[in-house]
Amino acid sequence: ITASRIVSNLVGIVMAMIMAAIPPGVYGNSPKEAKFLLEDTKRVFRDCIELVLEGSDPAKLHHLYAAAEATFIAGFSEANDNYNDANKLQRLCILKPNPGMKLELDHMAVLGSSILALIRFGIILVEAEPEEETRFREGSEDRRLLETILEGLDIEDDTHNISRYHIHRRAGEDKSHERPNVLCDSLNQARRVVPAHTTFAHFSIFVWHYIVHREIKLDDIRWGYLGKQ
């Protein structure tokens, strides 16, 4: 009886060690963290457009930029680390990660950079054209495009404001945020071919379409044992 218990305990310990090694390979390839990051990205995108439309104080955009940057770095790092953990077990066929997940992580990096660039553009735009009527007057085509984007954004409810983005934004509310560095600090009227506010609207359309494609592609990611989930 004693020998049987010892053997049973040893088997249990071995099984526990094996099972402890499995979760990174099974769950690390899940798009869950990337989807959380995408939802936060949509929240940042929405707030950026709203602040630019309302003729906001540039300081609010500085705060938004700081929160957006912190949110992206934290969210992307976690999603990327999960995938890298899963990729360590790629030689085991049942734990081989979906290569589509790595491609989507690359796309999320592009999206994050685009959102930060849009906020920087918004800061310059608000500084150069502080009057709301000058930028996006009521009834204008550019304003209609931005309002259409806001209406079309499907953002997951965050009733209690516990998303990573809201946490970072609250953390920076009472702080002074520096103006982010930009390649061009002014909008030269004489050198413009297209009005800056029109360019902002078209840039926003690009970001919107990119977000929609990410939603579709992340939903298509198969993960888990043999891609069963």
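**Note on the packing around helix H3**

1. H3 and helix H5 (residues 99–128) pack at an angle of about 15°, with their axes 10 Å apart, where axes are lines fitted to C-alpha atoms, for helices over the stretch in contact, and angles run from 0 to 180 degrees between N-to-C directions. The two helices, H3 and H5, are therefore roughly parallel to each other, given that angles under 35 degrees count as roughly parallel, over 145 as roughly antiparallel, 65 to 115 as roughly perpendicular and the rest as oblique. This is a predicted model, in which local features need pLDDT of at least 70 and side-chain atom pairs count only at pLDDT 80 or more, while totals for chains, interfaces and linings use all residues. Residues are numbered from 1 along each chain as its sequence is written, and side-chain values use heavy atoms, with hydrogens and water left out.

2. H3 passes H5 in a left-handed crossing; a crossing is left-handed if the near helix is turned anticlockwise from the far one by less than a right angle, and right-handed if clockwise. Among the residues that make the contact are Leu37, Leu38, Val44 and Phe45 of H3 and Met108, Leu111, Ile115 and Leu118 of H5, contact meaning heavy atoms within 4.5 Å. By class, the contact of H3 with H5 has 15 nonpolar residues, two polar ones and no charged ones, where Ala, Val, Leu, Ile, Met, Phe, Trp, Tyr, Cys and Pro count as nonpolar, Asp, Glu, Lys and Arg as charged, and the others, Gly among them, as polar.

3. The axes of helix H3 (residues 32–53) and helix H4 (residues 58–87) come within 9 Å and cross at roughly 170°, which makes H3 roughly antiparallel to H4. This crossing of H3 past H4 is left-handed, and the residues in contact include Glu33, Asp40 and Asp47 of H3 together with Lys60, Phe72 and Glu78 of H4. By class, the contact of H3 with H4 has twelve nonpolar, three polar and five charged residues.

4. H4 and H5 also pack on each other, at an angle of about 170° and with their axes 10 Å apart, and are therefore roughly antiparallel. The residues of this contact of H4 with H5 divide into 18 nonpolar, four polar and four charged.

5. H3 is mostly covered, with 17 of its 22 residues buried (buried means under 20% relative accessible area, exposed over 50%, partly exposed in between, with a 1.4 Å probe and protein chains only). At 1.5 Å a residue, its 22 residues should span 32 Å, and the end C-alpha atoms of H3 are 32 Å apart, which agrees; the expected span is 1.5 Å times one less than the number of residues. H3 is followed by glycine 55, whose phi is positive, near 70°.

6. The protein chain as a whole has nine helices and zero strands, helices (H or I, at least four residues) and strands (E, at least two) being DSSP runs numbered from the N terminus. Of its 229 residues, 41% count as buried.

7. Phenylalanine 121 lies in helix H5 and, at 16% relative accessibility, counts as buried; its C-alpha atom is 9.6 Å from that of histidine 197, 76 residues away in sequence. Lysine 175, in the loop between helix H8 (164–171) and helix H9 (196–220), is exposed, with a relative accessible area of 57%. The C-alpha atoms of lysine 175 and histidine 63 are separated by 8.4 Å, although the two residues are 112 apart along the chain.
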